[in-house]
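Dear colleague,

My notes on its aromatic rings and on one backbone angle follow.

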Amino acid sequence: PCSNHHYRKADIWSVGITALQIGHGRAPYEGEELIQVAKRIVHDPPPTAAYYRAISKTHSRLKFCKPYHQFVAMALTKNANERPSANALLESRFIKKYARGMRYLQQHLCNEEMLKHVRRSAA
């Protein structure tokens, strides 16, 4: 049986995936078969901005701040026992500097080109 510790650490992973999805406008491995996604999660390194650059010309031009990359890397630490707690993530430079509301995050997380892409996708 899974402990609460396991679920908390899985939630931290989900935060990292969500940060990637917000920043890039799509989830990692989107469109792949569920079994392939599960295999990639277990066997491949965690997804990063480099993953998105490899699959899309649009994403190859995106620039994100260093604290964003650090935040995602912390949340997507492969070994769950080494993954930070929610409190540790709240103390990260990215959260402390940029977590001032959704509009502020959008303005500082994404460059203007990405915002246009996200707006087109939402329309």
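There are three aromatic pairs, where rings of Phe, Tyr and Trp (its six-membered ring) pair if their centres lie within 6.5 Å, with planes under 30 degrees apart counted as stacked, over 60 as edge-to-face and the rest as tilted. One of them is the stacked pair of phenylalanine 64 and tyrosine 68, at 4.8 Å centre to centre and 25° between the planes. Tyrosine 68 also pairs with phenylalanine 94; this pair is edge-to-face because the ring centres are 5.9 Å apart and the planes stand at 65°. Since tyrosine 68 belongs to helix H5 (residues 66–75) and phenylalanine 94 to helix H7 (residues 93–98), the pair ties together parts that are 26 residues apart in sequence. Helices here are DSSP runs (H or I, at least four residues), numbered from the N terminus.

This is a predicted model, in which local features need pLDDT of at least 70 and side-chain atom pairs count only at pLDDT 80 or more, while totals for chains, interfaces and linings use all residues. Residues are numbered from 1 along each chain as its sequence is written, and side-chain values use heavy atoms, with hydrogens and water left out.

Phe64, Tyr68, Phe71 and Phe94 form one aromatic cluster.

Tyrosine 29, in the loop between helix H1 (4–24) and helix H2 (34–43), has a positive phi of about 65° although it is not a glycine. Tyrosine 29 is buried, at 5% relative accessible area.

Yours sincerely

How values were computed
Helix = DSSP H or I, 4+ residues; strand = E, 2+ residues; numbered from the N terminus. Buried < 20%, exposed > 50% of the residue type's maximum accessible area, 1.4 Å probe, protein only.
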